[in-house]
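The sequence and the model are shown first, and the description follows.

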Amino acid sequence: MTSSVVSLLATARADWSRRVRRFVGAVLERVPEKLEMRLNPAKFGFRETDIPAPPTAGHRGIRLYIAPVNFAGQGHSWARAAERLPGVTAVSMQYSSKKTYGFPVDNAVPVEVFSRSRRWQTAQHSAVTRGFTHVLIEAERSIFGALFDASLPREIADLRRRGLTVALVSHGSDLRLPSLHRERDEWSPFRDTSWSLVTELEDQAVRNRAILDTVGVPVFLSTPDLLRDYPTGRWLPVVIDCARWAEETAALNRSRPVVTHVPSSPRLKGSDLIDPVLRDLHDSGVIEYRRYDGVPATLMPSIYGSADIVLDQFRLGIYGVAACEALAAGRLVIGHVDGYSRDHVREFTGRGLPIVEATPATLAEVLLDVVARPAPYREIAREGIDFVRQVHDGRASAEALRSFLTPSRG
């Protein structure tokens, strides 16, 4: 058999194989997902029992759906805050992997179901568009998986066309531009341009800013500093359950205070910059330093409750959920919060932020002062309890959401 004939046969077999694969694929596309899961379970990565029921929020009043990430449990907490408003019910949704920090959520969806199950995507879309009046979309992420080719603008257009009112909320890194941040803060983690994540975060923030500009819906921001990245947004304070974090034992009653650091992202929090300082103070007997990583949410109250001082973050110039939880526990919180954020908090709340300012360069000096003069710092820790009860228990967040959720009168 000549080489040309062999080549023709090989080409014919390859063409036939492609045709068969296309035919099989076309057939499988028409097979109901439930049946296909039995025929080809490896394709999906989840079981029939993993698909949750669609969410419901009653049939009257304002019905708010918050999705899809629930970072630090905030989707769930904002839902409960919104329900402080008259006639409002809310449901939070989160897609997640098996490895989570265990934050509460109303509608938990395995990420494999979210991304691969067209049946779930279609049912969820139907439940949201028929059962809810308002949607708050987190972190510029698609809320229906691949139903609209993962295009958030298309999802929003569809929701609005069906009569739903839509807003977006940024959690932070999804919108914070590294190029701007490194210009305004000497401790910015984004000054390390060799860090590959810097480029990724810059590209992500640029894309998300373009989405916000395109869709033309209200934008909420979880931390005040994001107003510099998106000035037309509105601060939506993070929410915590103050009672869950309350501690009977006051802080700073030991000669050697316990100093705790629990970074969710060590590089962004500046852990590498402060660890040497803290180890030196620990080894010299000034403080007892406790560092934790990867702690489930259920264990955090006991960790903060056993501390005197909680170190938050030292690079981004912000404060968030972790700092609020430590304040609610009556701990002295130390971290780097820039003047812009502090000024906005004072303007918004009428009171100063009770987080002791320190940078990696001044942390040792600040801690030595706390050990030498604990009395004024005990008062700051007590102020922190009252601050979070006023600003971060959900009431201020409900007020921030009021104009979005309730129609104006008159």
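## Overall organisation

What share of the contacts in the protein chain with a separation of 6 or more comes from residues 24 or more positions apart? Such residues account for 71% of those contacts, a contact being heavy atoms within 4.5 Å. The model is predicted: local features need pLDDT of at least 70 and side-chain atom pairs count only at pLDDT 80 or more, while totals for chains, interfaces and linings use all residues. Residues are numbered from 1 along each chain as its sequence is written, and side-chain values use heavy atoms, with hydrogens and water left out.

The protein chain has 17 helices and 12 strands; these are DSSP runs numbered from the N terminus, helices (H or I) having at least four residues and strands (E) at least two. Of the 410 residues in the protein chain, 50% are buried. Here buried means under 20% relative accessible area, exposed means over 50%, and partly exposed lies in between, with a 1.4 Å probe and protein chains only.

## A parallel sheet

An open sheet is formed by 5 strands in the order E9-E8-E10-E11-E12, with parallel pairing. Two strands pair if DSSP finds at least two bridges between them. Strand E9 (288-291) and E12 stand at the edges with a single partner strand each, so one side of each has no neighbour in the sheet.

Strand E11 (residues 332-335) and E12 run parallel and are joined by 2 bridges. Gly-335 stands opposite Glu-357 in E12.

## Salt bridges

The structure holds 21 salt bridges, each defined as a side-chain nitrogen of Lys or Arg within 4 Å of a carboxyl oxygen of Asp or Glu. One of them joins Asp-192 and Arg-267, whose closest N and O atoms are 2.7 Å apart. This pair links distant parts of the chain, 75 residues apart: Asp-192 is in the loop between helix H7 (178-184) and helix H8 (196-215), and Arg-267 is in helix H10 (residues 266-269). Asp-192 is partly exposed at 30% relative accessibility, and Arg-267 is partly exposed at 41%.

Glu-357 also takes part in a salt bridge, with Arg-342 (3.0 Å, N to O). Because Arg-342 lies in helix H14 (residues 339-349) and Glu-357 in strand E12 (residues 356-357), the pair ties together parts that are 15 residues apart in sequence. Arg-342 is buried, at 19% relative accessible area, whereas Glu-357 is partly exposed, at 33%. Within helix H17 (residues 395-405), Glu-399 and Arg-402 are 3 residues apart, about one turn of the helix; the closest N and O atoms of their salt bridge are 2.7 Å apart. Elsewhere, salt bridges that share partners join Arg-80, Glu-83 and Asp-106 into one network.

A search of the whole structure finds 3 cavities of 30 Å³ or more. On a 1 Å grid over the protein atoms alone, a cavity is a set of points where a 1.4 Å probe fits but cannot get out, and lining residues have an atom within 4 Å of a point. Grid points are joined across faces, edges and corners, and a volume is the space filled by probe spheres set on the points.

The largest cavity holds about 40 Å³ of space, and its lining residues include Val-262, Lys-269, Tyr-304 and Asp-312. Strand E10 (309-311) and helix H13 (321-328) are the elements that give two or more residues to this lining. By class, the lining of the largest cavity has 7 nonpolar, no polar and 2 charged residues, where Ala, Val, Leu, Ile, Met, Phe, Trp, Tyr, Cys and Pro count as nonpolar, Asp, Glu, Lys and Arg as charged, and the others, Gly among them, as polar.

Technical notes. 1 Å grid on protein atoms, 1.4 Å probe; cavity = no way out; pocket = protein on both sides within 12 Å on 5 of 7 lines; lining within 4 Å.
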